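Student: Could you take me through one part of this structure in detail? I would like a close look at a single sheet and its surroundings.

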Amino acid sequence: MDRIRIVGGNPLNGTIPISGAKNAALPLMIASLLTDETLTLENVPRLADVRQLTNILVNHGVDYGLNGKRQGEGLLTGQTVSLTARSITDTTAPYELVSTMRASFWVIGPLLARMHEARVSLPGGCAIGTRPVDLFLMGLERLGAKIDVEGGYVVAKAPGGLVGNRVVFPKVSVGATHVILMAATLARGQTVIDNAAREPEVVDLANCLIAMGARISGAGTSTIVVDGVDRLRGARHRVVSDRIETGTYAMAVAMTGGDVLLEGADASLLEAPIEVLRQVGTEIDETNSGLRVRRNGAGIVAADIVTDPFPGFPTDLQAQFMALMTRARGTARITETIFENRFMHVAELARFGAHISLEGQVATVEGVERLKGAPVMATDLRASVSLVIAGLAAEGETVINRVYHLDRGFERLEDKIGRCGAVIERISG
Ligand SMILES: CC(=O)N[C@H]1[C@@H](OP(=O)(O)OP(=O)(O)OC[C@H]2O[C@@H](n3ccc(=O)[nH]c3=O)[C@H](O)[C@@H]2O)O[C@H](CO)[C@@H](O)[C@@H]1O
Ligand SMILES: C=C(OP(=O)(O)O)C(=O)O
């Protein structure tokens, strides 16, 4: 198993190219199941999750093609992926493929819409809470599907095809919004999704579906209206930039000090985190080519955050912000409202000498003067990158174990920050 070794203490200076968003690329790739023509996606990040989803799509009968593109100073980033589901040969998504990644469950929407049946294993993904699928099942039932859960699989059938309806989510769910949105594109009649997720990745999926011929309005608001069509066609679409990767590197610069251009970053996708980063003492400017993030020797001050669905502060940046707060002047309260068990990084950050106490969904971080490098363990995707941020500022050596979590969502992290002056290397095996 690979590990990452960091020797902390260097500021970050230079340019980091921001990749396409994992959380947009995954549903976009799944949307290829909705048409027998080719869907070509540009700017798809090279990540373990993308490879795993490709395996799942191939199992359903999808053909795929790849070609990479050079960007930045010889840094390979982004690939163009062509996906063609001319015919769907298997409507089962098996446990072995689905259990490692939450998003793979989302194939249920397109399979049901196009093939009128699907048998999909209950999903896996980061262990950050119980993560039930009741909202997906409720939404698909509202579109006329009959659902049973048998032997760990959701078996969904709609012999006469899906029929549009009103779907009111009692709680905002990104995944359930993606699935009902995709399913509704091929349903008969109109679907109205109320309390829909407003995340940029939902908007990106809707834009791609519209390019494929879907009739969708309201994506990016809480009410999405979909008028079903008989068929969708192929399209070419560029994956939106990764706001979580952007926010992560912005927090890394806030932590170490320095001056970094986050090339290709889109500030409009992360207004809440940018505002907080400014509040704690980071300078952030929009430029023609991305976001410039700077912090000089003045240090950072503590601030409180509460995670919320978009446009609130993203839960996927909570761990990174906590790492930053470990060295802030003052005390920060960090409240997690999305996932009930997303604090596993607390125990690992303590190994660096951080002072964090936990009570229910609130972590209280008392900033300390210095962190000290330590052996630590990645527990989930965003938790693992919070350990990188702490390691970059800690005195001495940090070794992060179980970096396969990191590889799910960060493209060539050690190259990207190594080029900006961090002492970081991957130890293979
Ligand atoms: C691949 C991907 O895009 N993952 C993102 C997606 O996850 P994901 O789509 O899994 O997250 P959701 O938005 O669905 O989850 C939000 C909350 O709703 C709950 N819930 C969800 C579905 C359901 O049927 N029942 C239910 O109770 C979840 O347990 C959680 O408490 O959005 C999360 C919230 O922004 C992000 O942290 C993840 O990075
Ligand atoms: C939690 C995440 O991913 P997943 O939903 O696939 O577990 C994430 O991207 O931070």
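Tutor: The protein chain has 14 helices and 24 strands, where helices (H or I, at least four residues) and strands (E, at least two) are DSSP runs numbered from the N terminus. This is a predicted model, in which local features need pLDDT of at least 70 and side-chain atom pairs count only at pLDDT 80 or more, while totals for chains, interfaces and linings use all residues. Residues are numbered from 1 along each chain as its sequence is written, and chains are lettered from A and ligands numbered from 1 in the order in which they are written.

Now to the sheet. Four strands form an open sheet in the order β18-β19-β21-β20, with mixed pairing; two strands pair if DSSP finds at least two bridges between them. At its edges are β18 (305-306) and β20 (355-359), each pairing on one side only. Strands of a sheet pair through backbone hydrogen bonds, either parallel or antiparallel. For β20 and β21 (residues 362-366), the sense is antiparallel, over five bridges. Within β21, T364 is the bridge partner of S357.

A helix accompanies these strands: α10 (residues 318-325) lies across β18, β19 (331-335) and β21, and runs at about 170° to β19. Here contact means C-beta atoms, placed from the backbone, within 7 Å; axes are lines fitted to C-alpha atoms, for helices over the stretch in contact, with angles from 0 to 180 degrees between N-to-C directions.

Stepping back, the C-alpha trace of the protein chain spans about 65 × 45 × 40 Å along its principal axes.

Note on methods:
Contact = placed C-beta atoms within 7 Å.
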